[in-house]
Amino acid sequence: MFDNPESSDEPTQLALVRQLKFCAGHRLYRHESKCAFFHGHNYRVDIEVVPAAGGREVDVVGRVIDFSMIKRRMLGWLDANWDHAFLVFEEDANALAAVQMVEPTKYFVMPWNPTAENMARYLLEVVAPNVLGDLGVVARRVAVWETDEACAVAIRGGDLAAAPQLAEAVCVDSRS
Ligand SMILES: [Zn+2]
């Protein structure tokens, strides 16, 4: 006999994963090797979202959320802020001066060095709560792929319902 799933002590956790792609330039401030040079990546982001109430809560259709909503909100943010932009660490004054000199220019000032780890953290802690917060879902995990072989992962710990502080918007697009 199977156990009644309703009586389980550890109910199933449902989650969705959506893949998002964008291109961006960056350099790693104080990197000891070639990542200190200006260069770019075709980034891939995997974002995992769970119901804000936790567990297996779904809507009347049986969805955690429609996949298209994650795409619309998260890819919308990525397109506006990171796609075809240069990501610069706020302490990297030399790189900031360089990207500000180019016309037209699009750059995004990060509070941390723009490693895949820090980009994943920024998407998880700052962007996702901001753009998904009203949809009844919480981002639990974000992976940022710099190449087909390597990704960094940020995983939400602690209380999923506790919303992190929002950061100021720091994207500059000289054409707008
Ligand atoms: Zn790189």
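Q: In what kind of crossing, left-handed or right-handed, does α1 pass α3?
A: α1 passes α3 in a right-handed crossing, the term for a near helix turned clockwise from the far one by less than a right angle (anticlockwise is left-handed). Helices (H or I, at least four residues) and strands (E, at least two) are DSSP runs numbered from the N terminus. The model is predicted: local features need pLDDT of at least 70, side-chain atom pairs count only at pLDDT 80 or more, and totals for chains, interfaces and linings use all residues. Residues are numbered from 1 along each chain as its sequence is written.

Q: Why are α1 and α3 called oblique to each other?
A: Their axes, lines fitted to C-alpha atoms over the stretch in contact, come within 9 Å and cross at roughly 130°, on a scale from 0 to 180 degrees between N-to-C directions. Angles under 35 degrees are roughly parallel, over 145 roughly antiparallel, 65 to 115 roughly perpendicular and the rest oblique; α1 and α3 are therefore oblique.

Q: Which residues of α1 and α3 meet?
A: Arg73, Met74 and Trp77 in α1 meet Val127, Val131 and Leu132 in α3, contact requiring C-beta atoms, placed from the backbone, within 7 Å.

Q: Why is cysteine 171 called partly exposed?
A: Cysteine 171 has 15 other C-beta atoms within 10 Å. Buried requires 20 or more and exposed 12 or fewer, with partly exposed in between, so cysteine 171 is partly exposed.

Q: Where is cysteine 171 found, and what does cysteine 171 contact?
A: Cysteine 171 is in strand β7 (residues 171–173). Leaving aside neighbours within four places in sequence, cysteine 171 is in contact with Ala80, Asn81, Ala85 and Phe108.

Methods:
Contact = placed C-beta atoms within 7 Å.
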